[in-house]
Amino acid sequence: MPNVEGIAVGGMAVGLLAERVGSTPFFAYDRAAIDARVVSLRSALPGDVHLSYAVKANPMPAVVQHLARRLDALDVASGAEMRVALDTGIAPGSVSFAGPGKSVAELTQAVAAGVLVEIESPLEADRLVEAADRLGIRPRVAVRVNPDFEVKGSGMRMGGGAQQFGVDAETVPLLLKTLHDRDVEVAGFHVFSGSQNLHASILAEAQERTVDLVLRLSDDLPSAMTYLNIGGGFGIPYYTQDRPLDLDLVGSRLEELLATRVRPALPSAQVVIELGRYLVGEAGVYVTRVVDRKISRGTTFLVVDGGMHHQLAASGNFGQVIRRNYPISVVAAHEGGEEVVQVVGCLCTPLDLLGDKVSLPRAEVGDLVVVHQAGAYGLTASPTAFLSHPAPLEVLV
Ligand SMILES: *Cc1c(COP(=O)(O)O)cnc(C)c1O
């Protein structure tokens, strides 16, 4: 008989957890798995590197609170994420605010709170200075730089070439010059070149090129650099052919880089790495229940009570070029071995596909189907209003 106790979150079997939560579908995040990630990062990366959590990966307040106690910083991308971050009790100066199109209201919030603002354009710099002048507060800022290089192998490229993110590297000296006469503390730079990279050597090379760039730019800083956010982009395996990132290699190459180039040249710069999915992605599952089992012209369909409106990425519609299956499993206690099925959601669109030709233990109506790697860019990165189903619950176990 298949082992129904096989899938657990926070040590609790998913079947029992579903009873505890009270309704499906739901997201469950595992504290112990998040903690294990933090421990492995701390042991692989140089001890003086600060670790920051990119809140947009999973802004559930309990998750953010949990990570705020274990990491050094939080990175937010909206006024609402900033409120969640500040509610954790973290020092406001350890919160950084990145992202294009920050509103005057959000910039004002950040200055009033004492949050570090990462400037993404000259106009944004002007707005920030105006907000700060109005409040009579000297803001601490960093310049987010759009690098003059590109990083291959990222699932999502967010630097190099023409970008809505950051200030083009070649125009940073001019921006610094205009900030020079204003009442602003320019602490340093932030360079984020891409996301979801599984190649340690490419990440290490990106960090080296980032350091080359910031060393060039540092000559134009009015005072010693105190903040150097070198981005992140650490990927997690979603598909069967993906290999996990070699974190030890990333760590040893970074230690060498810091020892040879960064600590000697920029002794007061706090190096920061900011990570989203690497911290929480593998710690989460999306749990659904089979509501129908039907056979159409020889193909078996398991229709579950969730779908792409909650977990868009697993349907392959969150920026993926080729649709592949996220890891998926069944919590079932039936005899009958494995079968190849289509796992589909309950939305009225063929896009709502969670598992394409997946081999799973035989599942009946009422059984649970679990989608893994759902801890990041799940609920809040999905079109929850599409088809007007109720929102799923989230629990941190
Ligand atoms: C989204 C984002 C991240 C997090 O990316 P992950 O792939 O989840 O690690 C980090 N930094 C910035 C600036 C971001 O916009």
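1. Helices (H or I, at least four residues) and strands (E, at least two) are DSSP runs, numbered from the N terminus. P25 lies in the loop between α1 (14–21) and β3 (26–29). A cis peptide bond, with omega of about -10 degrees, joins P25 to T24.

2. On the basis of the note: this is a predicted model, in which local features need pLDDT of at least 70 and side-chain atom pairs count only at pLDDT 80 or more, while totals for chains, interfaces and linings use all residues. Residues are numbered from 1 along each chain as its sequence is written, and side-chain values use heavy atoms, with hydrogens and water left out.

3. The protein chain is divided into domain 1 (4–27 + 282–396) and domain 2 (59–275); these bounds come from an automatic or database domain assignment. The centres of domain 1 and domain 2, taken over C-alpha atoms, are separated by 35 Å. Contact here means heavy atoms within 4.5 Å. In that sense, 11 residues of domain 1 are in contact with 10 residues of domain 2.

4. A nonpolar core is a set of buried Ala, Val, Leu, Ile, Met, Phe, Trp, Tyr and Cys residues joined through side-chain atoms within 4.5 Å. Buried means under 20% relative accessible area, exposed over 50%, and partly exposed in between (1.4 Å probe, protein chains only). The largest nonpolar core has 106 residues, of which Y53, F189, F234 and V343 touch the most other members. Helix α8 (residues 200–218) gives the largest share of this core, 8 residues. Domain 1 and domain 2 each supply at least three residues to this core. Another core, of 15 residues, lies apart from it and includes F26, A28, L368 and V395.

5. Y53 and N58 are in contact with each other. Beyond neighbours within four places in sequence, the contacts of Y53 include V63, V64, L67, L71 and L275. N58 sits in the loop between β4 (50–54) and α3 (61–68) and, at 3% relative accessibility, counts as buried. Leaving aside neighbours within four places in sequence, the partners of N58 include Y29, V280, G375 and E394.

6. Two packed helices are described by the angle between their axes and the distance between the axes. Axes are lines fitted to C-alpha atoms, for helices over the stretch in contact, and angles run from 0 to 180 degrees between N-to-C directions. α8 and helix α9 (residues 247–265) pack at about 10 degrees, with axes 9 Å apart. That angle makes α8 roughly parallel to α9, a description used for angles under 35 degrees. Among the residues making the contact are L203, V211 and L215 of α8 and L254, L257 and V262 of α9. The residues of this contact divide into 11 nonpolar, 2 polar and 5 charged; Ala, Val, Leu, Ile, Met, Phe, Trp, Tyr, Cys and Pro count as nonpolar, Asp, Glu, Lys and Arg as charged, and the others, Gly among them, as polar.

7. Helix α2 (residues 31–44) also packs on α9: the axes come within 8 Å and cross at roughly 35 degrees. S40, L41 and A44 of α2 meet L247, D248 and G251 of α9. By class, this contact has 3 nonpolar, 2 polar and 1 charged residues.

8. Two backbone angles deserve a look. L387 is not a glycine but has a positive phi of about 75 degrees; S388, also not a glycine, has a positive phi of about 60 degrees. L387 lies in the loop between β20 (368–371) and β21 (393–396), and S388 is found in the loop between β20 and β21. L387 is partly exposed at 34% relative accessible area, whereas S388 counts as exposed at 65%.

Conventions. Parallel < 35°, antiparallel > 145°, perpendicular 65-115°, else oblique.
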